[in-house]
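Trainee: I would like to learn how to read a fold. Please take me through one.
Mentor: Gladly. Here it is.
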Amino acid sequence: MTVSIKQNKNMTIIGVAGGSGSGKTYFASQLQERLGQNRCEIVYQDSFYIDQSAKFDFDGGSVNFDHPASIDFRLLAECLEKLKTGKPVEIPIYDFGTHSRKKETATVRARPVILVDGILIFHDARVRKLFDDLIFFDTPEDLRYQRRLERDVQERGRTADGVRNQFLSQVKPMHDKFVEPSKQYASTVVTEAGELEDVLSAYMNRLE
């Protein structure tokens, strides 16, 4: 594992990608905790889902949330570009219960370190070019599925059957077609769970 970060004078934007349940969100939250919220903000790809309320039919239904077309990459890129200028941005809040954007927004302020978390953030060139560093979590499929199952049932009120059907019909095919190939752009690839602490330490040493 080699960590090489191109730091800007005032801000470093790090893309943290990998399949759903790969451990990327845990990594981002741990890095933010260690750096401190005054130094580090997290921007989540999930905040930029396009409103799907008119199309969503049932749990694990026809709407494909793992396809790049479900993400408003243009708005994500615009938000990151504005943060680079030192200005705060208003980030959408996506409601997974209704599959729509809430009227409220969340304010994200420019910090020395901005982490961008999402499965497809390396796929879009407009977003990818804004990263100073790209880290990809390459986690086995069975572990990713188990983590997604637990999260969606416990945190999002999904049914186990709905999660399973969605994983087999959408999540896995989209991972194989779009997420996995985007690994080629990563400067750091994490393949073992035991590497997590080493990766966190390496990033801390370079960002402090």
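Trainee: In what order do the elements of the chain run from the N terminus on?
Mentor: Some ground rules come before that. This is a predicted model, where local features need pLDDT of at least 70, side-chain atom pairs count only at pLDDT 80 or more, and totals for chains, interfaces and linings use all residues. Residues are numbered from 1 along each chain as its sequence is written, and side-chain values use heavy atoms, leaving out hydrogens and water. Helices (H or I, at least four residues) and strands (E, at least two) are DSSP runs, numbered from the N terminus. Here the order is β-α-β-α-β-β-β-α-β-α-α-β-α. That comes to 6 helices and 7 strands.
Trainee: What radius of gyration does the chain have?
Mentor: The value is taken over C-alpha atoms, and the globule rule is 2.2 Å times the number of residues to the power 0.38. For 208 residues, a compact globule would be near 17 Å, and the chain agrees at 17 Å. Its C-alpha atoms fill a box of roughly 45 × 40 × 30 Å along the principal axes.
Trainee: How much of the chain is buried?
Mentor: Buried means under 20% relative accessible area, with a 1.4 Å probe and protein chains only. Buried residues make up 49% of the chain.
Trainee: Which residues of α6 are buried?
Mentor: In a helix, residues three or four places apart point the same way, because an α-helix has 3.6 residues a turn. Helix α6 covers residues 196–207. Its buried residues include Leu196, Val199, Leu200, Tyr203 and Leu207.
Trainee: What covers them?
Mentor: The cover includes β1 (12–18), α1 (24–35) and β5 (113–117).

Note on methods
Buried < 20%, exposed > 50% of the residue type's maximum accessible area, 1.4 Å probe, protein only. Expected span 1.5 Å × (residues − 1). Contact = heavy atoms within 4.5 Å.
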